[in-house]
Amino acid sequence: MQAEPDAENAAGGGPARANGTPVAPVVPAKPVAPGPAGAGAEAAAVKSRRFPSITRDTARPEGSGRAVPGAVSTPARQWPMLSVLTATAVGLLATAFGHPRVGCLAIGLALIAASVMRRVLPSVGMLAVRSRFTDMITYGLLGVAITLLTLVMEAAPKPWLVIPFMESAVRFTVR
C-alpha cells in the first residue's frame, strides 16, 4: 500500500516531514542481471514484492478523507459527524429537560444513523475512527442497545415495549 503524495511532492518541492524539514530522497538499488557486463544490466531492474524493511512514511487512515471536496469549508466537509453530534446534543438536552425516553431514543437513533452513514457513504470524514466494518458494528450495536433499553425502561409511567423475561433478568443481575 502506498501513501498518497503530499502537496509539496506534487508541486515538485520534494518530500518533507510534517514539521517542514526536508527528507533525503531514497534511491532504490537496481539489481544487476547475470550476463556480460554492460549488456542491458540497467534495463533489467526487478521490483520486489516484499514490504520494505525501512519505511519512510505511514499510510493515511481510512477516515482521513473528506466527505466533501477541500474547497468547501470545514464544517460542511464534516457533515456526517456534525449531524450525529447534533442529534446526540438534542437527545442530551431533552433528557436534561425532563424527557429521558425521548432523549435516549434520539441518542440511540443518532448512533444507528452513524452506522448507516458509515456503510453507505464512501467518505464520512471524522466519523470514521476504525475500519468500516468495526465502525458499523460498534455504532450499530450501541445504537440498537440504547434504543431497546429506552423502549423497555420503566422510568417513565409505562414502558413502550414489554419484554416478559426482562424483569426477572434485571432482578437476577442486580441482587
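**Entry 1: helix α4 and its cover**

I looked up what lies over the buried residues of helix α4, and the cover includes α3 (79–96) and α5 (132–152). I note that the model is a predicted one.

I then checked the extent of α4, which runs over residues 100–120 and has 21 residues. From its first C-alpha to its last, α4 reaches 30 Å, close to the 30 Å expected at 1.5 Å a residue.

Which residues of α4 are buried? I listed Arg101, Gly103, Leu105, Ile107, Gly108, Ala110, Leu111, Ala114, Ser115, Met117 and Arg118.

**Entry 2: isoleucine 107**

I picked isoleucine 107 from helix α4. Its relative accessible area is 16%, and the cut-off for buried is under 20%, so isoleucine 107 counts as buried.

What does isoleucine 107 touch, once residues up to four places away in sequence are not counted? I found Thr88, Gly91, Leu92 and Ile146.

I also looked up the spacing to threonine 150. Isoleucine 107 and threonine 150 are 43 residues apart in sequence, and their C-alpha atoms are 9.9 Å apart in space.

**Entry 3: salt bridges**

How many salt bridges does a search of the whole structure find? I recorded two.

One of them joins the side chains of aspartate 135 and arginine 118, at 2.9 Å from N to O. Aspartate 135 lies in helix α5 and arginine 118 in helix α4, so this pair ties together parts that are 17 residues apart in sequence.

Aspartate 135 is buried, with a relative accessible area of 0%. Arginine 118 is buried as well, at 2%.

Aspartate 135 also forms a salt bridge with arginine 130, where the closest N and O atoms are 3.0 Å apart. Arginine 130 has 35% relative accessibility and counts as partly exposed.

**Entry 4: rings**

The charged end of arginine 130 sits over the ring of tyrosine 139, and the distance to the ring centre is 6.0 Å.

Last, I searched for aromatic pairs. A pair of aromatic rings is described by the distance of the centres and the angle of the planes.

Conventions: Residues are numbered from 1 along each chain as its sequence is written. This is a predicted model: local features need pLDDT of at least 70, side-chain atom pairs count only at pLDDT 80 or more; totals for chains, interfaces and linings use all residues. Side-chain values use heavy atoms; hydrogens and water are left out. Helices (H or I, at least four residues) and strands (E, at least two) are DSSP runs, numbered from the N terminus. The expected span of a helix is 1.5 Å times one less than its number of residues. Buried means under 20% relative accessible area, exposed over 50%, partly exposed in between (1.4 Å probe, protein chains only). Contact means heavy atoms within 4.5 Å. A charge sits over a ring if NZ of Lys or CZ of Arg is within 6 Å of the ring centre and within 35 degrees of the ring normal. A salt bridge is a side-chain nitrogen of Lys or Arg within 4 Å of a carboxyl oxygen of Asp or Glu.
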